[in-house]
Amino acid sequence: MCKTTDCISFLGINTRRHQSSLFKLQKSNSSQKHTLSVALYFETTRSGHVSSKMDTKVGSVNVVASPNADVGCLPSHGVVSSVQTSTVPISFSEATLGRHLARRLVQIGVSDVFSVPGDFNLTLLDHLIAEPGLNLVGCCNELNAGYAADGYARSRGVGACVVTFTVGGLSVINAIAGAYSENLPVICIVGGPNSNDYGTNRILHHTIGLPDFSQEHRCFQTITCFQAVVNDLEYAHELIDTAVSTALKESKPVYISISCNLPAIPHPTFTQDPVPFCLSPKLSNHMGLEAAIEAAAEFLNKSVKPVMVAGPKLRVAKACNAFVELADSCGYPVAVMPSAKGMIPEHHPHFIGTYWGAVSTAFCAEIVESSDAYLFAGPIFNDYSSVGYSLLLKKDKAIILQPDRVIIGNGPTFGCVLMKDFLIGLSKRLKKNTTAYENYHRIYVPEGHPLKSAPKEALRVNVLFQHIQNMLSGDTAVIAETGDSWFNCQKLKLPKGCGYEFQMQYGSIGWSVGATLGYAQAATDKRVIACIGDGSFQVTAQDISTMIRCGQNTIIFLINNGGYTIEVEIHDGPYNVIKNWNYTALVDAIHNGEGKCWTSKVLCEEELVVAIEKATGEKKDCLCFIEVVVHKDDTSKELLEWGSRVSAANSRPPNPQ
């Protein structure tokens, strides 16, 4: 590693067991040019795991705790006790393209790769398996492998999947598009055609029958931030490193296609430790930053009852801690947009809930929308998050922060200003103002409890989630599937350290099964609780098999209400009714006596209580699958309101021509 006298933190990504990489921003005294070089470390914690994203200083490794384990934000358990070299030198015969790629993945923090074998990637898989720090997780299909890499990246900071050419690539593409929409760095690796077949006009299997092999590449161009087609050893090192570094820098997926005849071939560029690669750091324009802070401070300090709202792009901006620091200093009430739930600690003294327009948590929308100044950090205002474009917000009252841009009301816009720098600077310039929080505290009335169930009464969804609430702790994480679980899980109060993930921007049903697999594989210090609807589960159910094979102890609540409930509330029709399955029997069949798995079907509260006690007691080391049978029309009031507003937005007539 190059010597430096001026190191500050840029990015660190943890691994499940051993290896990780720490990227340090190095400022050369001679050239004053900024680069990033890879330092290879073991980072072992007292719990046997490694720390996630961390701040560092020269001569020591200092870890700052954070309430979550999101991309760019610290987990609560990160305590480093040792720093060592992370890779073992290899001989020239082992210095192959496949091993180089494997070692790069280990360096950036990937210790599990989700894969589906196919003839074009089999040799590559051999070389990935040969890497000591890498574990290959075979999935039932490519879509789930992509979803698993998505879930893994949410916990670990980066994920990876490997599929075969075209039939695999086009199957995984929906999951990669979802990761792109959620700003997740996922390395999508495809085993490609033999390098000799390019340009020969030959017809290959697994293609659409044309001699042009670029179809898959072209499909990935709009949903990845970089595409590398590696069919020449001479440029393989550069292409792979550029792809990996671009994924980390842009926090977006990348596509790497590797010809099937290349992974086993040694090359001089792959010998010993891979040569460190460089990333150009993103820096704020200093004058623009100061001007933005000055304008924002003036805007907010003259307001009477300002509020702060966290948005999902806090994660990609790596500004979660800076947002909390600002909230601590200014005293404003703090809300989150629905897709930012879990990024901000809900035990914060000024936390007031989820701002989601008409379906916000109690009294939150009233405080936000009545404010005379609101600061939105990293928002996404789409039709879902705006409840059919019905938010009662005014542009002239808003400061909108994007990862590298600040927009103040109807006034100036400041570009090249990083959100993290802006929030830290602003925290030193704002006057303390607790007026809006005092208003919230004044009007707040504690929420009522669900009606007490009669003996053997059919289970109600609100009763189910009351019990799920009682299961949460800092050692758990919640995965909420697209559907009514969005709304019910939003009302859960997350204890300190409790993880939370859902896919709101892309909203692909079935996402949660693969994402649960990937998240649980990465976050081995947490027990994952997944809330999945029956319709979504039917899309991706197969990879319950992989969870069992990996020895995971996730608790899955399968909510069986006989259809696509979220679609029913937007626009009902016979297509929203699905064939009912015996879900517990299906999972028992998948289990087939191999591995640890326990299932239960519950129809009333008494049975639910028994199932939860067993899942958290004697079956705590098992994958626990609890099928919860509820009435088809038992939905949250928030879904009813949200569905009607989204339906109205969807059904707007064409504008007059």
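Author: Happy to! Let's begin with helix H14: twelve of its twelve residues are buried, so the helix is largely enclosed by the rest of the structure. Buried here means under 20% relative accessible area, with exposed over 50% and partly exposed in between (1.4 Å probe, protein chains only). Among those buried residues are Trp511, Val513, Leu517, Tyr519 and Gln521. Helices (H or I, at least four residues) and strands (E, at least two) are DSSP runs, numbered from the N terminus.

Before going on, please keep in mind that this is a predicted model, where local features need pLDDT of at least 70, side-chain atom pairs count only at pLDDT 80 or more, and totals for chains, interfaces and linings use all residues. Residues are numbered from 1 along each chain as its sequence is written, and side-chain values use heavy atoms, leaving out hydrogens and water.

Six strands form an open sheet with parallel pairing, in the order E5-E4-E6-E7-E9-E8. Strands E5 (135–138) and E8 (227–230) stand at the edges with a single partner strand each, so one side of each has no neighbour in the sheet. Two strands pair if DSSP finds at least two bridges between them. E4 (residues 112–115) and E6 (residues 159–164) pair in the parallel sense over two bridges, and Phe114 has Cys161 in E6 as its bridge partner.
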